[in-house]
2 protein chains.
Amino acid sequence: MSLSEASVSPAAHPRVVIIGAGFGGLEAAKALRHVPVDVTVIDRHNYHCFQPLLYQVATATLSPSDIAWPIRGILRNQRNVTVLMAEVTGVNTEKRLVHAGPVAVPYDYLVLATGATHSYFGHDEWADAAPGLKQIEDATRIRRRILLAFEKAELTQDPTEHERLLTFVIVGGGPTGVEMAGAIAEVACQTLPSEFRNVDLRQSRILLLEAGPRLLAAFPEDLSAYAQRELERLGVEVRTGTAVTRCDSHGVETSSGRIEAGTIIWAAGVVASPAARWLDAERDKAGRIKVASDLTIPGRPEIFAIGDTAAPVTADGRPVPGIAPAAKQMGGYVASVITARVSGHTVPGPFRYRHQGDLATIGRKVAVVKLKHVQLRGFVGWVFWGVAHIYFLIGIRNRFVVAFNWLWNYFTFQRGARLITETGPAAQEQAAPQSQDAPERVG
Amino acid sequence: MSLSEASVSPAAHPRVVIIGAGFGGLEAAKALRHVPVDVTVIDRHNYHCFQPLLYQVATATLSPSDIAWPIRGILRNQRNVTVLMAEVTGVNTEKRLVHAGPVAVPYDYLVLATGATHSYFGHDEWADAAPGLKQIEDATRIRRRILLAFEKAELTQDPTEHERLLTFVIVGGGPTGVEMAGAIAEVACQTLPSEFRNVDLRQSRILLLEAGPRLLAAFPEDLSAYAQRELERLGVEVRTGTAVTRCDSHGVETSSGRIEAGTIIWAAGVVASPAARWLDAERDKAGRIKVASDLTIPGRPEIFAIGDTAAPVTADGRPVPGIAPAAKQMGGYVASVITARVSGHTVPGPFRYRHQGDLATIGRKVAVVKLKHVQLRGFVGWVFWGVAHIYFLIGIRNRFVVAFNWLWNYFTFQRGARLITETGPAAQEQAAPQSQDAPERVG
C-alpha cells in the first residue's frame, strides 16, 4: 500500500494505525500479524527503546544501541505492517485521518500508544537543571553530566566547587531513583577512583530524596527497608520524607534545607504525552485518557488508548501501574478486540490487568523482587532480575551484547560506554528532552 | 602531583605534557611508562577514538563506544600519568606553561599531537552541507543524515525529491571515500530494502567523486582498478577526474555538471589542527609544523610535534602519510628522545618512517592490501584487514565487541547501531564538527 493509494482509494483491508512503538504499540502490531488488516505504525523515533534499562545507559554500562532496536527491523517480516518515522501533529476524528509530517494516514481503527514524559508537578522550569530519564537522549545527556562532573572536579581547585561537583542528587525513590543512585555510587566509589590523580572520587555524595515515608512504595515494607540498607552500604545517603521545593543549576531546595549539587536527576513523576489533547478526550490529573473497560475512548469505539496514555478502570478500582508488562497486556488486548470486530467474532470481555511482580536492582549484584507468591532479595534477586531483563530484551543480538556487557562489568568493574560526546554547551541544551508538543518533524 | 603543587613547586621529575590522545600522543605516553618523568596528557575529549573504523559508526555497523575508549581507562595503571580533559587555548613558551581550561600546566618537554581536521580547500562554508569524518560526533551526524534520508524518502511522494533523497555523493576517492561508498551501497541495496514498503531503496544512487585519475592513489594501479570494479559491482558510480566546485544543501556542482543529492560526505582533504599557531611555528600548506629531523620545532628543542600536526622531513624527501602507524612511530620516537635526554644517554638518530602498508576495505567481504612485498585482494584481503584492525583496537573488550558485531553483520546482513538520535534541526547543527579553535572548555 503506497501512501497516495491509501489516501484516495478504499483499502482492501481495514486500516489500523498505531501511534507509538513502545511496549504497548509494538505488542499490538505484532499481535495483528495474522489478521487481515493493514497496519501502519507511526513513531517519531526510528527505534523502540527498552526503557527499563535506560539507567544503565545513563551510568555508562550499556550503549544506546544495546537497548534500542530499529522498529523497521523488528517488524521487517510482518508484511501487513508499514512503519513511518514521523511526528504526529493531530488527529481528524471526523475524516479518520492521522496527520503525521507531510502525510495524512487514514484509519478504521486507531491505537494511541504515545507513552509518558517527566512531570515536574507544574514546575517545567526545573527540567533543564534536573533532567529525567525517559528517552535515549535523556540517558546520554545524564551520562554526559555525570562524567563531566568528575572531569571538572579533577580540574577544579576551589574546595566549595569541588564539593558541589561531587554531589549527586536523585529526586524520587521509586525503582528508577533507586537504580540510578546505586549505579552512580558504584561508578564514583568503585569504577573510577583509580583513574583520577587530583581528586578522590570516593568523597562523592550521592543523595536519594523521597517525599514519601519509604523507598519503593510498591514493594512490601521489609523489601523497602532492605533496599535502603543496601543503598547505604554502597554509600548512598537516603532521605525519606524529604520533598523538593525547587531545582536550579546549582542545587535543590528541600523541605529540610538546601543541597548544593553539580548533578540533579529527576525520577519523581510522569505525565502522559498529549495524545488526549488531539482528541479532546477526558483525562485524569496525570494527563491519561479515561478509557472504557475495553480501552476505547468513550463515544469513539474505533479509537483505543493503551500504556501510559491510558487510565483504564479496573474491576477492583486499583490503578494499572505504568510499567512495561501493563502496556504489553493492553496492546495484546486491543489487538484481540480489533481482531474480533474485523472477523465478526465475539468481542472479548473487559480488559483485566494481571500484575506479574515488581523488580528493582541496587548496584552490581543486589536486587529486590516481589512476585505474587515469592519475594527475592540480594544476589538471588539480582540473578532473577538479570535473566528477566535479558529475556524481555527485543532482538537476540541485543540479548548477547547486554549479557556480555553485564558479565564484563561484573567481573572487571569496568564500564564500557563512558563517552562524553557533544560537549558543547548548546549541544547539552539541544539534547534536552523534547516534549511531544514541539519536536522536529521528519517530513 | 596536584595541579596546585605543580604550579608552585619544582617537580621531582621532569614534566612532560602531551596535548592530544590520538595514536601519536597515546603511544608517547605509554612509551614513557618506566621513565622517571611526570606525564600529563591533555585532550578535549575523554576518549581515544580509533579513527580507521569511524566509517563503520557512520554506516551503523558499530556503536561509538565500540571504537572509543576512555583515555583514563587506557592509562589507569600508569602511575606517572595524569589525564586532564580540557581544551588547550594557548602555550606560553617563555614560562613553559600550557593553558588548558582553568589551569596552567608547566612543562619541561611538550609534545603536540593534536591531529587534523577536514580541509575544504578554502571553502569552509561547505562544511555544513558536506560533513567530513574525523570524530565520533561526525560519524553519528553522518549516520543520522543517511538514515533520515531513507526515512524521508519513505514519506515523500514528490518524485524529484524522492530521487534527490536517495542520491548519496562521497567526495574523495581515498580509503575513507572508498569505504564509505561501499558501506552505503550495502546498507541501501542489501540491508534495508526489505524494511520499507513505499520506497525501493535499491534505486539509490551512490556516487564516488575523485578529482584525480584513479581511486586509492597510494596503491598500485591494478589494485585501484580492482577496487573500482568491486565498488561498481556493489552499485557505486565511480567518477574519476571529477572535481567538486561547490557544495550546498541540495547537491554538488562538479567539473562535469551538477548532481542533486540529499547526502554529501566529504572525504577529500585534511588540514592540521592549529597547534602551529600557538607557537607561531613555520608550517606547510596543510598547516603542519615543519619539524627538524628529531621532530622538535626549530629553535625549541623542548617542543615536539608528531602525527598529523607535523610535517617531518624524511631522508628520501618523501612525505610521511597521515595514518595511524606513522603517528604511533613518531610518538614512540619522541618518547625515546625524551628518555635519552632525561637519563643523559645518547640521543637517537633522526626519525625514520617505516611504511608498513596500505589497506582499504570495499563493502562486507572485499579489501585491498598493499604491503612491502605482498599484495592481497578480495576475501583474503578482507580477512587480513579485519584481523589487523581487531588487533590494533585498544582494549580487549572492544576487540570482542567489534569482532562480534562484524560476524553478526557478516552472517545476517543486519546492522546493530541504526539509531537516529538527536533529530532536532538545531541538534544537527550542534553536532557539527567543532574546530580546535572554538569548542567548549571543560573547566
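**Sheets, hairpins and a helix pair in a predicted model**

In chain A, strands β19 and β20 (residues 300–305) run antiparallel and are joined by two bridges. Within this pairing, Ile297(A) stands opposite Arg300(A) of β20(A).

Most residues other than glycine have a negative phi. Asp280(A), although not a glycine, has a positive phi of about 60 degrees. Is this residue buried or exposed? Asp280(A) has 9 other C-beta atoms within 10 Å, and so counts as exposed, the cut-off for that class being 12 or fewer.

The secondary structure of chain A amounts to 14 helices and 23 strands. Of its 443 residues, 54% are buried. Among contacts in chain A with a separation of 6 or more, 65% are between residues 24 or more positions apart.

A second sheet of chain A is built from three strands. It is open, has the order β21-β22-β23, and its pairing is antiparallel. Why is one side of β21 (357–362) and of β23 (375–377) in chain A left without a neighbour in the sheet? These two strands stand at the edges and have a single partner strand each, so one side of each has no neighbour there. From one strand to the next, the twist averages 5 degrees. Strand β22 (residues 366–371) of chain A pairs with β23(A) in the antiparallel sense, over three bridges. One pair of partners here is Val368(A) and Arg377(A), the latter in β23(A). The sheet also has a helix lying across it: α9 (residues 221–234) of chain A spans β21, β22 and β23 of chain A and runs at about 170 degrees to β22(A).

Turning to chain B, two hairpins can be followed strand by strand. In one of them, strand β7 (residues 97–100) of chain B pairs with β8(B) in the antiparallel sense over four bridges. His99(B) has Ala104(B) of β8(B) as its bridge partner. Two residues lie between the strands of this hairpin, and Gly101(B) takes a positive phi near 55 degrees. In a regular strand the side chains alternate between the two faces of the sheet.

Strands β14 (residues 244–248) and β15 (residues 251–254) of chain B run antiparallel and are joined by four bridges. Cys247(B) finds its bridge partner in Val252(B) of β15(B).

Helix α2 (residues 23–31) and helix α10 (residues 324–343) of chain B pack at an angle of about 35 degrees, and their axes are 7 Å apart. The crossing of α2(B) and α10(B) is right-handed. On the α2(B) side the contact is made by Phe23(B), Gly24(B), Gly25(B), Glu27(B), Ala28(B) and Ala31(B), and residues of α10(B) in the contact include Ala327(B), Met330(B), Gly331(B) and Val334(B). By class, the residues of this contact of α2(B) with α10(B) comprise eight nonpolar, four polar and two charged.

A positive phi outside glycine turns up in chain B as well. Phe121(B) is not a glycine, yet its phi is positive, at about 50 degrees. Phe121(B) lies in the loop between β10 (116–118) and α5 (136–155) of chain B. With 12 other C-beta atoms within 10 Å, Phe121(B) is exposed.

Key. Residues numbered from 1 in each chain as written. Chains lettered and ligands numbered in written order. Predicted model: local features only at pLDDT ≥ 70, side-chain atom pairs only at ≥ 80, totals over all residues. Buried ≥ 20, exposed ≤ 12 C-beta atoms within 10 Å, placed from the backbone. Contact = placed C-beta atoms within 7 Å. Pairing = 2+ DSSP bridges. Axes fitted to C-alpha atoms, helices over the stretch in contact; angles between N-to-C directions. Left-handed = near helix turned anticlockwise from the far one by under 90°. Nonpolar A, V, L, I, M, F, W, Y, C, P; charged D, E, K, R; others polar.
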